[in-house]
Amino acid sequence: MSSRAIPELKRRQPLADVQLAATLPPLLQQLYRQRGIDNAAQLERGANYLLPPTGLTGIEQAVALLHQAMRDNLHIMVVGDFDADGATSTALSVLALKQFGAEQVSYLVPNRFEQGYGLSPEVVDLAHARKAQLIFTVDNGISSIAGVDYATTLGIPVIITDHHLPGEQLPAAAAMVNPNLHDATFPSKHLAGVGVAFYVMLALRAYLREQGWFTGAVPNLADLLDLVALGTVADVVPLDANNRILVWQGLQRIRAGKCRPGIRALVEVSQRQASRLAASDLGFALGPRLNAAGRLDDMSQGVELLLTENDAQARMLAVELDALNQTRKEIEQGMQQEALVICEQLAQQQHLPSGLAFYHPEWHQGVVGIVASRLKERFHRPVIAFAPAGEGILKGSGRSIAGLHLRDVLERLDSQQPGLLLKFGGHAMAAGLSLSEQNFPLFRDSFAQLVNEWLDQDALKGVLWSDGELAAGQMTVETAEMLRNAGPWGQMFPEPLFDGEFKLLQQRLVGQKHLKLLLEPVCGGPLIDGIAFNVDLQQWPDPSIQRATLAYKLDVNEYRGQRSAQLLVEYLWPKA
């Protein structure tokens, strides 16, 4: 068995007969058309081009309830989630409400290991014990039917703000704001939880202004766009035109140093340069450190980092999160190695199943989602990883590939074998579930069989989508900077990836598992450095391979004050 799935290289086709601004360089015109941009308005990044909040269903009721609570000096409890989107949503809501003059505002983030996800009755009990008089959920609540009912019996109204897909039954909340409600007409369905919270605060500010609420300066919510950018990118929601504006505006504030002390501290511990920060840094450097709190400990630590106004406290909390993230990496690497051993054993007996399920009694339930994601990327198969949750129960987190709707598979399994799944939920590409430990072998085999029936075998090959070849004259620092500033790039608006054939003049390992290359384009041109991260050490380095087709991103390498273009190599296909 090959230890990694070998992807097929395909090239994106640009939209035909589309004319964008003549001032755009030809390369950018090509890249934008390859991402489905068909008019210049979709490329606007100014805040004045944001969709207005008036289009969000339920926002008037939410604003009226918040205004009433502020007027009557009620205790507003923001209930968040234990990931980066939940933490940024929570911090943004607390900060905005306090800026607006709310005198009693606090927050509560469920502990992953004690209360689990969402506004459960247990979380309502905690809110009630802390004397909450209005619950305002962010990034959760749309599936919290029992929790909302319980809060209502205690006389605590609930405002739900969420972006997750609703089920057949909705909670009986006092107000609900979610762009994915069945009757919602808001043009952007892809707001993250923090985006929905930001829009509610925009609408509340406008309402308060109409009421003559503000006696001094009206709070500037643009100051909170750094939080919106971080939560949006970290939650991997599609970057449609509206989300690109939100992310770009937040990025610009971070680059200019006009951001929360906590975000500035995260940039520092991530060893990034704030002035050159890209959306990918939010997703791969800042987001994981913030997420580490919710995965291994308590996300309140992450929220406190985002709330603090004190630079010294921010640095201290960021260092703690950085250490937690390092621990998370070590746990994850150990879990991955154990899963790979299981895969090797499977491959010796038969072909690798189309759907993979893993369990180990010593795995950590806060990290199974990341492990599932890494294994999905390695083998290009749907993967579900499980960890013990106590009392004979396993909690699993799954990641899928294009062509297989993971929640639909779990729903079919649940109908075929009632009682096998104790609980499940999710969407096409990710899902969570729980089952009895004794039922894991049955689940593993049933899942593999059902995925095999549902999934076209061609889908298991995997595809790397390229934007085509770069001319040797385009492999420059100037082109790399242009591409960096042409985003923000992200989910459903992917960072440019190119391909080409190169001579491999030098190969050496750096950092134990990264391949440093000296390259020469076969079609001619100057030599250029390249680096491929986390290569298959069974294959590389190999001095006998002197030519290869590469899929790569163009980047800038800074070393001792010198800046040069380099290729970030996503994959190498050796040439005979």
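User: Which residue does Glu 309 meet in a salt bridge?
Analyst: In this predicted model, local features need pLDDT of at least 70, side-chain atom pairs count only at pLDDT 80 or more, and totals for chains, interfaces and linings use all residues. Residues are numbered from 1 along each chain as its sequence is written, and side-chain values use heavy atoms, with hydrogens and water left out. A salt bridge places a side-chain nitrogen of Lys or Arg within 4 Å of a carboxyl oxygen of Asp or Glu. At an N to O distance of 3.0 Å, the partner of Glu 309 is Arg 260.

User: Is Arg 260 buried or exposed?
Analyst: Buried means under 20% relative accessible area, exposed over 50%, and partly exposed in between (1.4 Å probe, protein chains only). Glu 309, at 57% relative accessibility, counts as exposed. With a relative accessible area of 8%, Arg 260 is buried.

User: How many residues apart are Arg 35 and Asp 467?
Analyst: The closest N and O atoms of the salt bridge between Arg 35 and Asp 467 are 2.8 Å apart. This pair links distant parts of the chain, and its separation is 432 residues.

User: What is the relative accessibility of Arg 547?
Analyst: Arg 547 forms a salt bridge with Glu 501 (2.7 Å, N to O). Glu 501 counts as partly exposed at 26% relative accessibility. Arg 547 also counts as partly exposed, and its value is 34%.

User: How many salt bridges does a search of the whole structure find?
Analyst: Salt bridges with shared partners join Arg 276, Glu 481, Glu 558 and Arg 563 into one network. For the whole structure, the search gives a total of 24.

Methods. Helices (H or I, at least four residues) and strands (E, at least two) are DSSP runs, numbered from the N terminus.
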